[in-house]
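Biologist: I'm new to this one. Could you walk me through how to read it?

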Amino acid sequence: MGSRIRDVSLAVSDELAPTTKELSQGQVNRYAEASGDRNPLHIDPEFAATTQFGGTIAHGMLVLAFVSEMLTAAFGRDWLESGRLKIRFRAPARPGDALTSGGRVTKVDGARIVCEIECRNGSGETVLDGTAEVTVS
């Protein structure tokens with residue numbers, strides 16, 4: 001079944017270990033194929049250059065997967081079984097960006113942990129933010 005985090009001793013204000021992932025056009029293209037979302041904004045540099053974004057951007061759910069990876073590293077199987085997110089997309093993520101996901105504990109209520117989470121690009125711009133909630137066993 002995999003490992004569980006049994007001794008989670010997090011307190012309010014504790015930081016979750018951040019993760020940084022380099023976003024490539026290849027990842028975006030593979031995500032487009034896997035998801036079936038082949039919007040040219042994501043996979044056609046010539047088309048995307050004519051849009052308000054000035055180039056291709058990643059699918060929001062691909063960026064969210066990077067955040068979920070950070071939460072899985074922090075909470076293991078508990079995140080996969082009980083994790084919930086409420087997020088807002090703030091800015092596009094672009095191929096070539098180094099995306100850093102992180103979080104901070106805002107509430108501990110018994111086994112329930114609530115965190116503020118965010119993902120920032122290499123320029124420090126917030127790509128997405130929100131809250132994550134997990135019940136640890």
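**Helices and cysteines**

Modeller: Let's start with two helices: the axes of H1 (residues 25-35) and H4 (residues 60-75) come within 10 Å and cross at roughly 110°. This is a predicted model, where local features need pLDDT of at least 70, side-chain atom pairs count only at pLDDT 80 or more, and totals for chains, interfaces and linings use all residues. Residues are numbered from 1 along each chain as its sequence is written, and side-chain values use heavy atoms, with hydrogens and water left out.

Biologist: How are two packed helices described?

Modeller: By the angle between their axes and the distance between the axes. Axes are lines fitted to C-alpha atoms, for helices over the stretch in contact, with angles from 0 to 180 degrees between N-to-C directions. Helices are DSSP runs (H or I, at least four residues), numbered from the N terminus. H1 and H4 are therefore roughly perpendicular (65 to 115 degrees) to each other.

Biologist: Which residues in H1 and H4 meet?

Modeller: Contact means heavy atoms within 4.5 Å. Gln27, Val28 and Tyr31 in H1 meet Met61, Leu62 and Phe66 in H4. By class, that contact has five nonpolar, one polar and no charged residues.

Biologist: How many disulfides are there?

Modeller: A disulfide is a pair of cysteine sulfur atoms within 2.5 Å, and here the count is zero. Cys115 is in none; its nearest cysteine sulfur, that of Cys119, is 15 Å away.

Biologist: Is Cys119 buried or exposed?

Modeller: Buried (under 20% relative accessible area, 1.4 Å probe, protein chains only), because Cys119 has 0% relative accessibility. Cys115, at 1%, counts as buried as well.

Definitions and conventions:
Buried means under 20% relative accessible area, exposed over 50%, partly exposed in between (1.4 Å probe, protein chains only). Angles under 35 degrees count as roughly parallel, over 145 as roughly antiparallel, 65 to 115 as roughly perpendicular and the rest as oblique. Ala, Val, Leu, Ile, Met, Phe, Trp, Tyr, Cys and Pro count as nonpolar, Asp, Glu, Lys and Arg as charged, and the others, Gly among them, as polar.
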